[in-house]
Amino acid sequence: MKFSIGGSLKLAFRPWVEGLENIPAEGPAILASNHLSFSDSFFLPAVLDRKVTFIAKAEYFTSPGVKGKLTAAFFKGVGQLPVDRSGARGAGEAAIKSGIDVIERGELFGIYPEGTRSPDGRLYRGKPGGLARVALATGAPVIPVAMIDTEKIQPPGKVVPKLMRPGIRIGKPLDFSRYHGMDGDRFILRSVTDEVMYEIMKLSGQEYVDIYATAAKRQIADAEKAEKAEKTAQADKAADTGK
């Protein structure tokens, strides 16, 4: 995949990269990145010599038919791990277990602390579960990463990407070994997550919003729904007046 898709991405989009020296040549590390576009999971691994393992919903790996098999092969090829979102705690516990397994193999584990793509290009509050718990359970260093302009290349809902240069800034590793074994303390988890998000904010230059991206998406959807309802009401009122 690195030679085929990765090579094609680098040739077509020519991504610029800062801080490659902060990625260890060997040994485990957690890459914690902002999340602007579906393509983030392709551009970051494409510029690295090492494999990066991300997590993806299990449905990508279990769909029936030829298309389902091709989709599963593709996601496996680009280093995605299936996560079963069913059960009491769903994707959170599955993601944590997957991350710990990757780290224990001495590999790179990629995670988006925001939990979902930013709806408007701003940086949102990090979720304290997956990132911090994997870091504290394993002692692996956390490397903050900022994706730049990928939302302009492939906005949500767009299939055909726009040809332009994205950027990737890779920060210095963060050591949280002082908190090792304290992954059951929610205040420590929050502190670790906030420290990582602050470093991502400095690298990306994004405006920070202290709510979860999922909540922001709900607010945006509610606002759009209200606006649509208002327009419908105005149209109905105008029609009644015309009568």
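This is a predicted model: local features need pLDDT of at least 70, side-chain atom pairs count only at pLDDT 80 or more; totals for chains, interfaces and linings use all residues.
Figure 1. Helix 4 itself comprises residues 65-77, 13 residues in total, and its first and last C-alpha atoms are 18 Å apart, close to the 18 Å expected at 1.5 Å a residue.

**Figure 2. A tilted pair of phenylalanine rings.** Three aromatic pairs are found when the whole structure is searched. One of them joins Phe 38 and Phe 42, whose ring centres are 5.4 Å apart; the planes of the two rings stand at 55°, and the pair is therefore tilted. Phe 38 has a relative accessible area of 35% and is partly exposed, whereas Phe 42, with a relative accessible area of 14%, is buried.

**Figure 3. A stacked pair formed by Phe 54 and Tyr 112.** The ring centres of Phe 54 and Tyr 112 lie 5.5 Å apart, and their planes are at 20°, so this pair is stacked. It links distant parts of the chain, as the two residues are 58 residues apart. Phe 54 belongs to strand 3 (residues 52-57), while Tyr 112 is located in the loop between strand 5 (108-111) and strand 6 (123-124). Both Phe 54 and Tyr 112 are buried.

**Figure 4. The largest nonpolar core.** This core contains 24 residues, and those with the most contacts inside it are Ile 30, Val 142, Phe 176 and Val 196. At least two residues of the core come from each of strand 2 (29-33), helix 5 (91-104), strand 5, helix 6 (130-138) and helix 8 (186-204). Helix 8 gives the most, namely six residues. Beyond residues up to four places away in sequence, Ile 30 touches Ile 103, Phe 109, Ile 111, Leu 131, Val 134, Ala 135, Ala 140, Pro 141, Val 142 and Ile 143.

**Figure 5. The surroundings of Leu 31.** Leu 31 is part of strand 2. Its relative accessibility is 1%, and Leu 31 therefore counts as buried. When neighbours within four places in sequence are left aside, the residues in contact with Leu 31 are Ile 23, Leu 44, Leu 48, Val 52, Leu 108, Phe 109, Gly 110, Ile 111, Ile 143 and Val 145. Lys 2 is 29 residues from Leu 31 along the chain, and the C-alpha atoms of these two residues are separated by 18 Å.

**Figure 6. Strand 8 and its pairing with strands 1 and 7.** Strand 8 (residues 167-170) pairs with strand 1 (residues 16-18) in the parallel sense, over three bridges. Within this pairing, Gly 167 of strand 8 is the bridge partner of Trp 16. Strand 8 also pairs with strand 7 (residues 142-148), here in the antiparallel sense and over four bridges. In strand 8, Ile 168 is the bridge partner of Met 147.

Conventions. Residues are numbered from 1 along each chain as its sequence is written. Side-chain values use heavy atoms; hydrogens and water are left out. Rings of Phe, Tyr and Trp (its six-membered ring) pair if their centres lie within 6.5 Å; planes under 30 degrees apart count as stacked, over 60 as edge-to-face and the rest as tilted. Buried means under 20% relative accessible area, exposed over 50%, partly exposed in between (1.4 Å probe, protein chains only). A nonpolar core is a set of buried Ala, Val, Leu, Ile, Met, Phe, Trp, Tyr and Cys residues joined through side-chain atoms within 4.5 Å. Contact means heavy atoms within 4.5 Å. Two strands pair if DSSP finds at least two bridges between them. The expected span of a helix is 1.5 Å times one less than its number of residues.
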